[in-house]
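Thanks for asking for a second pair of eyes on this one. Here are my notes, as numbered points.

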Amino acid sequence: MNKILIISLSALLNAPAFAGMHPFFAKNIPEGWPSYEIKDYNGQVEDGYDGPLSNILVIYDPSIKPEQLNRYLVQQTAIANKAHDINNIKYRRNVVAAIPMKLEGENVAEVADSFSIGDFDEIRRKYGASVVSLVINSNLADSQCGVQTSYHTVTAFNEPCSLPTLLAHEWGHVDNLGHEYEHTWSHFKDDNYAWRCGGKPTIMSADLNYNQFDLNEFYSDPNVTRGGEACGTSTANNAKVLKEIISNPNSGYWIDVPPLPKIGNVTIALDENKSSEYEKVITVTRDGDLSQAASIEVYSDAVTAVPATDYQELAKRVEFAPNETTKTVSLQLVNPAPTDAICDDGERTLKLGTRWGEKLGSSNQLDLTVKTPEDTLASCAKDKEPEPTPEKPDNENGGGGGGGSTGLLSLFSLALFLFRRRN
Ligand SMILES: [Zn+2]
């Protein structure tokens, strides 16, 4: 029933450096990442943009750390939107909220089988989203990284599935875009195939003889060339189909969720009086029309501070009841300091901001500084003195979250990797 494509893992292992694409671990934030130009997390859609939007509600496994998810979504949406620019299509994919929720099922196939169309309808309407993207931590037993069904996508967050164009591919399916001719099982359109040029396939490729980590970052399109080759033909023109789909409001019933009206803005401030050495208390105040319920997420984003070592990552949705104007959230500094606390008396910084408002916009962000607590500094300075450690590349993650990746790869070494589409 489902078209299934298979590749051995070797293609993934031979992939070039992931170029900042693999989900980062708390102690392994790649420098300068994401490398795409992003104004901020609210800035996926440029100010004044008036073209068609695909608003996306993300539901993610609570085991995924919020700041990892942040960067992942920023990068995936940035690549998807960059594709539209290259294809000369006025269209923006825009995450409107990300909600942690434990889903039934341990991998892409099981999760996709566990829900029915309509199950997430209420929540997507609450946030004005037409598309629902479920991001999971997979056990990879199904050997799948992504699947699209109706207006849902299910994708695995795991490192072996950290393809830069994974969500651009699945979102392309939501908009009816197809694979290469030979990898398409339902030929309902005769101009909707992926293509390749300059040695690489385009985003909708399912040709796993090619390195899926290094595709051309756009949709098939005879008007785009790479290496002197046209990146599409009259039958391989995903870009044309995408233009038709978004210009026809009746092309999909699911598109019919109106974006939310904006009724006010939110300002955040540090409450010095209520804050302590181990807790920063943040006041969240809204303005505008206060008569309606509304919500927004307060989030943290590391600059030089280290999540999980210096502070607990924050992604907290603040819900305002009608006529409620102020709430507080707190950022917990790590207490007691972990054994791997940074033994340095300097200040480190992080940002706090608000984003993904349900009817609310954001007015500001805060720069916060954190320090290793005094008593931790004293004890780690003592520990450091006696034993000069032998010159060895040390295990950066010290058994923490990062250690999982190698294990995962070996676990995965007999596995197959495939894409599936069902609708
Ligand atoms: Zn596909």
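1. A word on terms before the sheets: two strands pair if DSSP finds at least two bridges between them. Helices (H or I, at least four residues) and strands (E, at least two) are DSSP runs, numbered from the N terminus. Please keep in mind that this is a predicted model, where local features need pLDDT of at least 70, side-chain atom pairs count only at pLDDT 80 or more, and totals for chains, interfaces and linings use all residues. Residues are numbered from 1 along each chain as its sequence is written, and side-chain values use heavy atoms, with hydrogens and water left out.

2. Four strands form an open sheet in the order 15-14-17-19. Strand 15 (315-320) and strand 19 (366-370) are its edges, each pairing on one side only. On average, neighbouring strands here are turned by 30° against each other, direction ignored; for angles, axes are lines fitted to C-alpha atoms (for helices over the stretch in contact), and values run from 0 to 180 degrees between N-to-C directions.

3. Within that sheet, strand 17 (residues 348-358) and strand 19 are joined by five bridges in the antiparallel sense. One place to look is Lys-351, whose bridge partner in strand 19 is Asp-367. Helix 2 packs on this sheet and touches strand 14 (294-302), strand 15 and strand 17, contact meaning heavy atoms within 4.5 Å. The direction of helix 2 makes about 95° with that of strand 14.

4. Helix 2 has a helical neighbour too. The axes of helix 2 (residues 66-86) and helix 5 (residues 166-174) come within 8 Å and cross at roughly 60°. That makes helix 2 oblique to helix 5 (under 35 degrees counts as roughly parallel, over 145 as roughly antiparallel, 65 to 115 as roughly perpendicular, and the rest as oblique). Helix 2 contributes Tyr-72, Gln-76, Thr-77 and Ala-80 to the contact, and helix 5 contributes Leu-166, Leu-167, Ala-168 and Trp-171.

5. His-169, His-173 and His-179 coordinate the zinc ion, each through NE2, at 2.0 to 2.1 Å. Donors are N, O and S atoms within 2.8 Å of the metal (3.2 Å for Na, K and Ca), and water is not among the atoms, so sites may look incomplete. Along the chain, the donors follow the spacing H-x3-H-x5-H. His-169 lies in helix 5 and His-179 in the loop between helix 5 and strand 8 (196-197), so this pair ties together parts 10 residues apart in sequence.

6. Finally, the other sheet: an open one of four strands, ordered 16-13-12-18, with mixed pairing. Its edge strands are strand 16 (326-332) and strand 18 (360-362). Strand 12 (residues 264-270) pairs with strand 18 in the parallel sense over three bridges, and Gly-264 has Leu-360 as its bridge partner in strand 18.
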